[in-house]
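Please look over the protein shown below before reading the report.

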Amino acid sequence: MKNKSLFGISVALFWCIAGGAVLSFGLFNVHSHCNITEGGILGLTLLLEHWLGISPGISGAVLNVLCYAFGIKVLGKRFIFYSLASAVSFSGFYTLWELAGPLFSGLEKNMLLACLVGAVFVGIGAGLCVRAGGAPCGDDAFAMTMARLSGKNIRIFYLISDLAVLIFSASYLPLEGIAFSLVSVVLSGWIIGFIADVGRKKA
């Protein structure tokens, strides 16, 4: 029984790490170079990178830890454990992608394709982490905590954080970029939900 439990934890950690790698790859190679942003913590890291020159690998780690600390009593230690594994993976791999340099070229010339490709990376990466039992970004933990404390639908807090970041992102992105970012946010959110729920029986 103990070995089975350790195996389950190992598998969950693997998917958290893999999800963080996929998520960071898309954010660096697509979003960061194509003037497309995301909502929540992901979009905020890109905003800080543009105005303050702070790498998302660093700002993401700090912001995520703060959000996880805020929700640890409500969400439980296991969720925080898997979430921290996802966040560390995201930050570590983002730094690795920065050292390797961008792998896509010319994608910024087709904004629609860029937002779709970016949404797929974000959706798959975050979806794998959520399915494993964690969350790669602190805004997930923040939204879940606020929803449980207030009794309101979690989508309200996701919507508030996403719209707030998109509004502030208008300070450096053209309206066209904001529009495509909104498409990316909606699509990536659908993919996350699909990966988290596919194959699972509803209670």
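## Confidence in the model

This is a predicted model. Across the protein the pLDDT averages 83, and 95% of the residues score at least 70. Among the elements of the protein, helix 5 (residues 111–132) has the highest mean pLDDT, at 89. The lowest mean, 80, belongs to helix 7 (residues 154–169).

Where pLDDT is low, predicted coordinates should not be read in detail.

W51, L52, I54, I58, V62 and L66 make a nonpolar surface patch of about 620 Å². Two elements give two or more residues to this patch: helix 2 (40–52) and helix 3 (56–75). Helix 3 gives the most, with 3 residues.

One of the patch residues is I54, and I54 lies in the loop between helix 2 and helix 3. I54 has a relative accessibility of 31%.

## A buried serine

S181 lies in helix 8, which spans residues 175–197. Is S181 buried or exposed? The relative accessible area of S181 is 0%. Buried means under 20%, so S181 is buried.

Which residues is S181 in contact with, leaving aside its neighbours within four places in sequence? With those neighbours set aside, the contacts of S181 are N35, I36, T37, L166 and L173.

Note on methods
Residues numbered from 1 in each chain as written. Predicted model: local features only at pLDDT ≥ 70, side-chain atom pairs only at ≥ 80, totals over all residues. Heavy atoms only, no water. pLDDT = per-residue confidence, 0-100. Helix = DSSP H or I, 4+ residues; strand = E, 2+ residues; numbered from the N terminus. Patch = residues over 30% accessible without salt bridge, like charges linked within 9 Å, V, L, I, M, F, W, Y side chains within 5 Å. Areas by Shrake-Rupley, 256 points an atom, 1.4 Å probe, with all protein chains shown as cover. Salt bridge = Lys/Arg side-chain N within 4 Å of Asp/Glu carboxyl O. Buried < 20%, exposed > 50% of the residue type's maximum accessible area, 1.4 Å probe, protein only. Contact = heavy atoms within 4.5 Å.
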